Amino acid sequence: MKKEWWKLKKSLAIAGLALVTVVSGCSGSNAGENGEAGAAADGDKGEITVLYVGDQFWQDQAKEFEQVSGIKVNYEVVNFTEQHDKLATAFAGGSTEYDIVHVRDDFVAEFAPKGFLTPLDDLITEDMKANISDNYFTPMMNDGQIYGFPRYLWPWQFYYNKELFAEAGIENPPSTWAEFTAVAEKLKAKGITPYAEPWGETFSYTPFIVHLRSEGGEFWDEEQDIPTFNSPEGVRALQFMADMNLKSKIISPQSVQYDSTAPLADAFAQGTIAMMMNAPHTYPLANNPETSKITGQVGVALVPGAELKTASYAETGGLAIPASSKNKEQAMEYIKFVTSTEQEKAMAIGIGRIPADNVALQDTEVQEANPHFASVAEQMEYPYGMFKHEKAAAISTEVSRHISAAVAGRETPEEALKAAEANVLKMIGK
């Protein structure tokens, strides 16, 4: 443990940072134990400012770090939907205010190339990475360097209503999209609305990416920075989506109104649809008697596959240190503490975030508290990352516009993908 700590100190010295003696907590240990807390009394250890959402768990965790490290934490609360703009404004203005910020895949893609984030490669020890799959770092990377330390995963999963399945005589969730169609037909025959996806005109690119990946394709070539969705795999994926609406008629008409996952989860919790893909917040929502009519009837499985066994779409939530931070050493100690196995376990049990730490994810208490985590490890072995690009918002809106046209029958899948590709290439100057 001490060996790894001194590795970190050496790395920080190489980076030209002024070191001070701080808590010796290490990955896999809870820094709140005896001895470490006593070190906090040895004088001024500095302070950091953390910018993140205001959930009580995160704020209590910051206070715990403060107690065991002696490093003062100024915790600034920001609404989740306002994080990006607040960071963009601070970075553009040259602010040195923040030492720890929350990032996800697209934040890294936007801010790292502009020099707003600190590369962490030389600061992350082998001990810190020991329980985290290498591919979990990929969404936090840009141009081969790590700019964020993964803290939690937020993948789409496949949800189904057990009671409605039993009513239609269905025993198991579908494992392929072909099986899915057969299951949906049985539900429809019973007068049950089988399925819904978020097909709104700014969001339909997201389920399209999942279907595209299950067919073996990808949305974007990040190395060449060009779209790759207009492919045979893309046509098959979009044809399947269109067929759900125009041919099989197994999808809820409300789908075109869903421009996010939240209203879709609400519809599922009210028992109006039998199946959907959605993020992990669905499980507690649909099992809460105050928000759900289907408590105890929620099933969760791998997203069905086609050419691949499964595929998904996931946000990776991570922590980054702004390049302008004056307290990088203390900030790195904060990252080290809050991503320890014990803290990851507490996070999973306390607020239901899926830990990036595999030991914490497989922990018995974590799995008992979150039964929908059971398939996460396997789900994450298949393609899942967010689409990330400096112009991601404009590109995704343009693609969604054509996806929506195709599923409504206003364009063929071939026409839709060809037109979307041409317009996207113009946007990026290629």
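Which residues of helix α12 (residues 262–269) are buried? In this predicted model, the buried residues of α12 are Leu264, Ala265, Ala267, Phe268 and Ala269. They pack against β7, β8 (195–196), β11, α13 (282–286) and β12. Helix α12 is followed by Gly271, which has a positive phi, near 80 degrees.

**Strand β7 and its partners**

Strand β7 (residues 157–161) is mostly covered, with 5 of its 5 residues buried. Both of its faces are covered: Gln157, Tyr159 and Asn161 lie on one side, while Phe158 and Tyr160 lie on the other. Strand β7 is joined to β11 by 4 bridges, and these two strands run antiparallel. Within this pairing, Gln157 has Asn278 of β11 as its bridge partner. Another 4 bridges join β7 to strand β12 (residues 298–301), again in an antiparallel arrangement. Here Asn161 stands opposite Val298 of β12.

His372 is found in the loop between α17 (364–369) and α18 (376–379). Its relative accessibility is 3%, and His372 therefore counts as buried. Apart from neighbours within four places in sequence, His372 is in contact with Gln157, Tyr159, Pro280, Tyr283, Pro284 and Val300.

**A covered helix**

Helix α10 (residues 205–214) is mostly covered, and 10 of its 10 residues are buried. The buried residues run from Tyr205, Thr206, Pro207, Phe208 and Ile209 to Val210, His211, Leu212, Arg213 and Ser214. Elements that cover them include α9 (177–189), α11 (232–246), β11 (275–278), α19 (392–407) and α20 (413–427). After α10 comes Gly216, whose phi is positive, near 95 degrees.

**The open sheet**

How many strands form the open sheet, and in what order do they stand? The sheet has 6 strands in the order β2-β1-β3-β13-β6-β14, and the pairing is mixed. Its edge strands are β2 (72–77) and β14 (354–355), each of which pairs on one side only. Strand β6 (residues 149–155) is joined to β14 by 2 bridges, and the two run antiparallel. In this pairing Leu153 stands opposite Ile354 of β14.

Helix α14 (residues 328–338) lies across β1 (47–52), β2, β3 (100–103), β6 and β13 (314–320). The helix runs at about 55 degrees to β1.

Two packed helices are described by the angle between their axes and the distance between the axes.

| Helix pair | Angle between axes | Distance between axes |
|---|---|---|
| α3 and α15 | roughly 155 degrees | within 11 Å |
| α3 and α14 | about 115 degrees | 10 Å |

The axes of α3 and helix α15 (residues 341–351) cross at roughly 155 degrees. That angle makes α3 roughly antiparallel to α15, since angles over 145 degrees count as roughly antiparallel. The crossing of α3 and α15 is right-handed. On the α3 side of the contact are Phe57, Trp58, Gln61 and Glu64, which meet Gln343, Ala346, Met347 and Ile351 of α15. The residues of this contact divide into 5 nonpolar, 2 polar and 1 charged.

Helix α3 also packs with α14, at an angle of about 115 degrees. The crossing of α3 and α14 is right-handed. From α3 the contact draws on Gln61, Ala62, Glu64, Phe65 and Val68, and from α14 on Gln330, Glu333, Tyr334, Phe337 and Val338. These residues divide into 6 nonpolar, 2 polar and 2 charged. An α-helix has 3.6 residues a turn, so residues three or four places apart point the same way.

**An aspartate in helix α5**

Is Asp106 buried or exposed? Asp106 is found in helix α5 (residues 105–111). Its relative accessible area is 14%, and Asp106 is therefore buried, because buried means under 20% relative accessible area. Not counting residues up to four places away in sequence, Asp106 touches Met386, Phe387 and Lys388.

Definitions and conventions. Residues are numbered from 1 along each chain as its sequence is written. This is a predicted model: local features need pLDDT of at least 70, side-chain atom pairs count only at pLDDT 80 or more; totals for chains, interfaces and linings use all residues. Side-chain values use heavy atoms; hydrogens and water are left out. Buried means under 20% relative accessible area, exposed over 50%, partly exposed in between (1.4 Å probe, protein chains only). Contact means heavy atoms within 4.5 Å. Axes are lines fitted to C-alpha atoms, for helices over the stretch in contact, and angles run from 0 to 180 degrees between N-to-C directions. Angles under 35 degrees count as roughly parallel, over 145 as roughly antiparallel, 65 to 115 as roughly perpendicular and the rest as oblique. A crossing is left-handed if the near helix is turned anticlockwise from the far one by less than a right angle, and right-handed if clockwise. Ala, Val, Leu, Ile, Met, Phe, Trp, Tyr, Cys and Pro count as nonpolar, Asp, Glu, Lys and Arg as charged, and the others, Gly among them, as polar. Two strands pair if DSSP finds at least two bridges between them.
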